[in-house]
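Trainee: Hi, could you walk me through this model? I'd like to go over it piece by piece.

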There are 2 protein chains.
Amino acid sequence: MENHNDEVRIREIIQNWAEAVRSIDIKGILANHSDDILMFDVPPPLESKGIAEYEETWVYFYQYFKKGDTWELRDINVAAGGDAAFATMLIKCGGADGKGFDVRVTMGFKKIKGEWFIAHEHHSVPAKEME
Amino acid sequence: MENHNDEVRIREIIQNWAEAVRSIDIKGILANHSDDILMFDVPPPLESKGIAEYEETWVYFYQYFKKGDTWELRDINVAAGGDAAFATMLIKCGGADGKGFDVRVTMGFKKIKGEWFIAHEHHSVPAKEME
């Protein structure tokens, strides 16, 4: 039962985050992240550490993404247990016409004083060529 | 204390997995994975589902990786709680000369009947160009 409630809350946090991304609402995007969030993003750099660097990745993102563009989540899976959890999903990212490409996203969560926070995000697309 | 023991065991599983990768030991690579492992790998496809498809990603990998090549883990962080956990790390992948490129790796773990299993892996490199 506790795990069930944890999963419900984590799915809510994910949907709130996605809605904030679509709404270009930076405050909303950052609302449930830990200060030490570790981000592995689609474009460089290799990693972004801490909430300030995480926020910068969205400034870059919004050079491309405009209001009305596509950010659609599917295949969301959550594994929650005690005070750690992870979630996986696919996100269609693209223009307002619904065309676009699929981003694989993994999130790591920590429970701090009874609430869940996103402590890690990993966004990627398959590499086009091996090095 | 329980979390501490969980973290120790998870770090051991990660190191055993990495040693199996270096040793081209497929059985060792698969030793602590759940049957429903979800893999987001560096090259296509978008995702690989289940232990058989996960194994296939390594067959592809070993077209490039040869014994003596580099697969060096660093910056390993583990968050374990109850029966779910996640880990993040960077892995230098390359030739026997130690040159290579950095892969970002996230793993999701589930505790099943008292033992930890890898239920998710996400490997990626930053995209060279935005689509």
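**Talking through the model**

Mentor: Happy to! Let's begin with one residue: Lys113(A) counts as exposed, because it has 5 C-beta neighbours inside 10 Å. The cut-offs, with C-beta atoms placed from the backbone, are these: a residue is buried if 20 or more other C-beta atoms lie within 10 Å of its own, exposed if 12 or fewer, and partly exposed in between.

Trainee: And before we go on, what kind of model is this?

Mentor: This is a predicted model, where local features need pLDDT of at least 70, side-chain atom pairs count only at pLDDT 80 or more, and totals for chains, interfaces and linings use all residues. Residues are numbered from 1 along each chain as its sequence is written, while chains are lettered from A and ligands numbered from 1 in the order in which they are written.

Trainee: Back to Lys113(A), then. Where is the place of Lys113(A)?

Mentor: Lys113(A) sits in the loop between strand 5 (100-112) and strand 6 (115-124) of chain A. Its phi is near 50°, a positive value in a residue other than glycine.

Trainee: You mentioned peptide bonds. Which residues of chain A does a cis peptide bond join?

Mentor: Pro44(A) and Pro45(A), with omega at about 10°. Pro45(A) is in the loop between strand 1 and strand 2 of chain A. In chain B, a cis peptide bond joins Pro44(B) and Pro45(B), with omega again about 10°, and Pro45(B) is found in the loop between strand 1 and strand 2 (48-49) of chain B.

Trainee: Let's zoom out. How many helices and strands does chain A have?

Mentor: Three helices and six strands. Both are DSSP runs numbered from the N terminus: helices are H or I with at least four residues, strands are E with at least two. Along the sequence the pattern is α-α-β-β-α-β-β-β-β.

Trainee: In what order do the strands of chain A lie in the sheet?

Mentor: The order is 2-1-6-5-4-3, in an open sheet of six strands with mixed pairing. Two strands pair if DSSP finds at least two bridges between them. Strand 2 (48-49) and strand 3 (70-81) of chain A are at the edges with a single partner strand each, so one side of each has no neighbour in the sheet.

Trainee: In what sense do strand 1 and strand 2 of chain A pair?

Mentor: Antiparallel, over two bridges, with strand 1 covering residues 33-40 of chain A. Met39(A) stands opposite Ser48(A) in strand 2 of chain A. Helix 3 (residues 51-61) of chain A packs on the sheet, touching strand 1 and strand 2, and its direction makes about 50° with that of strand 1. Those angles run from 0 to 180 degrees between N-to-C directions, with axes being lines fitted to C-alpha atoms, for helices over the stretch in contact.

Trainee: Now the two chains. How many residues of chain B are in contact with chain A?

Mentor: 33 residues of chain B are in contact with 33 residues of chain A, where contact requires C-beta atoms, placed from the backbone, to lie within 7 Å. Strand 5 of chain B supplies the largest share of the side that touches chain A, seven residues. That side of chain B divides into 18 nonpolar, eight polar and seven charged residues. Here Ala, Val, Leu, Ile, Met, Phe, Trp, Tyr, Cys and Pro count as nonpolar, Asp, Glu, Lys and Arg as charged, and the others, Gly among them, as polar.

Key. Contact = placed C-beta atoms within 7 Å.
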